[in-house]
Amino acid sequence: MKTKTTVVEYELEAGAFDWPIAPHKTVRAWGFNQQLPGPVLKAKRGDTLVIKFRNELPEPTLIHWHGIRLAAPMDGTGEVQQPVGPGEEFEYRFVVPDAGTFWYHSHANETVQMERGMYGALIVEDEADPVTDADRVMLIDDMKLTADQQFSEPGWFLPRIIERHDGREGDTLLINGKEQPTIEIHAGQVERWRFINASSARYVVLYLGGKEFRIIGTDGGLLEQPRTVTEVLITPGERLDILAGPFQKGETFAIESLPYDRTTFLKAKRRTLATVQVREPKPSVAFIPDSLRTIVPLAPPDAAVTRKIKFAVGPSWKNGMDFLVNEGTHTQDEPVRVGQLQVWEVSNASLMDHPFHLHGFFFQVLEENGQAPAYRAWKDTYNLKPRTTVKIAWMPDNRPGKWMYHCHILEHHAAGMMAHFEVVNDADPAHETAHSLHPGCR
Ligand code: C2O
Ligand code: CU
Ligand code: CU
């Protein structure tokens with residue numbers, strides 16, 4: 001137990017502002033502190049974060065802290081918090097118990113608010129982090145803009161149906177709020193790049209011109225060992241930390257997204273996100289151990305399933321189609337009990353991909369279509385491929401309250417592809433709720 005907690009304070013103000021995404025290309029963004037993305041919030045593992053929030057938008061909003069294992073009332077969803085109205089304030093306060101790459105985003109009217117920029121990174125550092133020469137957030141988004149840089153809302157019935165079906169993909173790809181930026185790195189150095197996919201629906205297959213890079217972390221922090229790859233999928237909501245470099249002086253390459261067909265009808269294209277230029281060499285202080293940490297398995301692959309969840313898409317008279325969890329929209333699930341290991345079989349009966357996101361808790365994937373995964377990781381968002389069954393395990397620790405899971409394609413979430421459930425503590429409900437709300441004493 002920590003004896004002294006450090007309190008880290010930030011002020012965030014949501015509002016509308018003009019933001020240049022490229023020279024001579026300005027959008028009317030909605031975001032935090034007049035920046036797109038919002039400021040990078042930083043803390044050390046175990047710190048208490050206090051965020052004084054003020055809403056200057058013309059409509060109510062909420063902030064969700066994606067990936068943080070906080071107390072339910074701080075989760076920023078409509079189930080646990082009254083939306084913060086225009087001109088109103090709210091103070092979020094929670095401990096950050098895990099190191100890694102997290103993010104914050106609006107959890108109200110998301111298809112509008114997030115599309116316009118209501119998101120930012122939240123980085124939690126730890127002494128056990130590998131030493132690198134630089135640490136950068138790479139927050140990916142895409143905007144769907146009209147020719148005069150307005151956010152385009154599909155007005156007609158058919159485009160609306162298509163957007164609801166496929167999710168909104170925009171042609172304007174952004175890294176940290178900029179279109180096609182140039183990123184400079186010194187030869188010989190190794191940088192940690194923390195990718196966050198904040199787009200509504202775009203699947204990014206990260207590719208660095210065929211160069212190898214090392215994955216060191218995902219949603220819930222470091223992996224056990226670095227994994228060397230040349231490409232990797234990052235779905236909306238997911239995070240991925242990589243080591244980039246060392247590169248040679250004079251090299252130039254693009255950060256790209258390779259095509260990924262996530263629905264039968266939408267043909268994905270290869271897209272460029274940024275250009276990397278390698279400058280004159282600088283000595284490196286990077287130290288990357290072979291073993292980054294240990295991830296203790298929560299359950300064996302053949303653990304008995306405690307709950308079955310089905311994501312599906314069904315026809316509907318009113319909307320053309322419905323996005324369903326367990327045959328319903330905005331489903332209410334059975335409660336979950338503190339301390340009882342959850343083994344969920346999550347299946348995707350539809351013909352398109354869905355990034356499954358669980359609020360407030362990390363899970364481990366035990367099996368995918370009967371196959372154990374190649375490596376262990378803590379996840380809060382995991383892609384469900386069409387006609388696939390994934391078995392996950394997670395432990396409801398003592399944070400009772402209302403939680404949810406949903407598809408992180410924002411249009412699917414809005415169309416009802418989500419479920420609520422409650423974590424209950426039978427032993428001592430009243431005391432434990434108060435206890436878990438009190439930072440520093442768990
Ligand atoms: Cu980033 Cu409810 O999600
Ligand atoms: Cu979340
Ligand atoms: Cu979906």
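Thr263 is placed in the loop that connects β19 (252–258) with β20 (271–279), where helices (H or I, at least four residues) and strands (E, at least two) are DSSP runs numbered from the N terminus. With a relative accessibility of 3%, Thr263 counts as buried, the term being used for values under 20% relative accessible area, with exposed for those over 50% and partly exposed in between (1.4 Å probe, protein chains only). When residues up to four places away in sequence are not counted, Thr263 touches Asp166, Leu351 and Met352, a contact being defined by heavy atoms within 4.5 Å.

The model is a predicted one, in which local features need pLDDT of at least 70 and side-chain atom pairs count only at pLDDT 80 or more, while totals for chains, interfaces and linings use all residues. Residues are numbered from 1 along each chain as its sequence is written, chains are lettered from A and ligands numbered from 1 in the order in which they are written, and side-chain values use heavy atoms, with hydrogens and water left out.

The copper ion (ligand 2) is coordinated at 1.9 Å by His64 (NE2) and His357 (NE2). Because His64 belongs to strand β5 (residues 63–66) and His357 to strand β26 (residues 354–358), this pair ties together parts that are 293 residues apart in sequence. His64 and His357 are both buried.

The copper ion (ligand 3) is coordinated by His354 (ND1), Cys407 (SG) and His412 (ND1), at 2.0 to 2.2 Å, and its donors follow the spacing H-x52-C-x4-H along the chain. Distant parts of the chain are linked by His354 in strand β26 and His412 in helix α3 (residues 410–414), which are 58 residues apart; His354 and His412 are likewise buried.

An open sheet of four strands shows the order β2-β1-β4-β6 with mixed pairing, two strands being paired if DSSP finds at least two bridges between them. Since β2 (25–32) and β6 (89–95) stand at the edges with a single partner strand each, one side of each is left without a neighbour in the sheet. Neighbouring strands of this sheet are turned by 30° against each other on average, direction ignored, with axes fitted as lines to C-alpha atoms (for helices over the stretch in contact) and angles running from 0 to 180 degrees between N-to-C directions.

Within this sheet, strand β1 (residues 7–22) pairs with β4 in the parallel sense over eight bridges, and Tyr10 has Ile51 in β4 as its bridge partner. Strand β4 (residues 48–55) is joined to β6 by seven bridges, the two running antiparallel; Val50 stands opposite Arg93 in β6, and Arg54 stands opposite Glu89 in β6. Six of the eight residues of β4 are buried, so that the strand is mostly covered.

Key: Donors = N, O, S within 2.8 Å, 3.2 Å for Na, K, Ca; no water.
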